[in-house]
Each structure stands twice: as structure tokens, then as C-alpha cells.
Amino acid sequence: MSLTRQVEQATHAWAAKGNKAGRSRQRRMMYRFASHAEAAGAREAGQVGGRTVISFWKALRAGKGLSWATQMDYWRAIRELWVLWGKPGEPPRPFPSEKPAVG
């Protein structure tokens, strides 16, 4: 079974509760993370860890400059997936992007 399918199964009941639009957005972010993890070689939830999350942050930054708020939205979605998968602790947070000092 693919990792995106595992995300679908883990989030099915979770997505049916609460704010539907918000959970749908978080679920899309979870799918994007799962697609990245699959491309990195993960085939099941147990193979996803902190290094996978860090490589996802690097890939997001390389693709386009996301705002800090969007990066934190992704982190919250990944954290929720972490809980649904029963993983201990929290996934690594993104680092704030370096901006040159003005002055």
C-alpha cells in the first residue's frame, strides 16, 4: 500500500469532523508531504521520520519562497499526521527563512 493511501486511511475519520474546509486544506498538505516521502523512498509510516520532514522543508524552500505562516501551516498538518500515525514527540519545525538586514 502506498504512503498516500495510508494518509488517506488515517485521515478519513479525522477529516469528517470539525472545520471541513480547514481539514481539507490540512489533508492536502499531508498528501504533499506523503508524496515527498514516497519520492524519498518511504513506503510506510514507520519509515517516515525527522530526516524526511527536514528534507521536505528544504524542498519547499527550494521550490518557492513560502511565507512563515504557510510553513507553519504545513508543520501543523504534519504534526497532526504524526499524532494520527502514533509517532512519539513532534516533527521538526521549519527554521525561519534568512532575510538580509535592511539599513
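**Ground rules.** I'm working with a predicted model, where local features need pLDDT of at least 70, side-chain atom pairs count only at pLDDT 80 or more, and totals for chains, interfaces and linings use all residues. Residues are numbered from 1 along each chain as its sequence is written, and side-chain values use heavy atoms, leaving out hydrogens and water.

**Helix 2, length.** I looked up helix 2, residues 20-39 (helices are DSSP runs of H or I, at least four residues, numbered from the N terminus). Its 20 residues reach 28 Å from first C-alpha to last, close to the 28 Å expected at 1.5 Å a residue (the expected span is 1.5 Å times one less than the number of residues).

**What's hidden?** I checked which residues of helix 2 are buried (under 20% relative accessible area, 1.4 Å probe, protein chains only). They are Arg27, Met29, Met30, Phe33, Ala34, His36, Ala37 and Glu38. The cover includes helix 1 (3-15), helix 3 (50-63) and helix 4 (68-84).

**Helix 2 against helix 3.** Their axes (lines fitted to C-alpha atoms over the stretch in contact, with angles from 0 to 180 degrees between N-to-C directions) come within 10 Å and cross at roughly 105°. So I call helix 2 and helix 3 roughly perpendicular (65 to 115 degrees). In contact (heavy atoms within 4.5 Å) are Arg32, Phe33, His36 and Ala37 of helix 2 with Thr52, Val53, Ser55, Phe56, Ala59 and Leu60 of helix 3.

Notes:
Helices (H or I, at least four residues) and strands (E, at least two) are DSSP runs, numbered from the N terminus. Buried means under 20% relative accessible area, exposed over 50%, partly exposed in between (1.4 Å probe, protein chains only). Angles under 35 degrees count as roughly parallel, over 145 as roughly antiparallel, 65 to 115 as roughly perpendicular and the rest as oblique.
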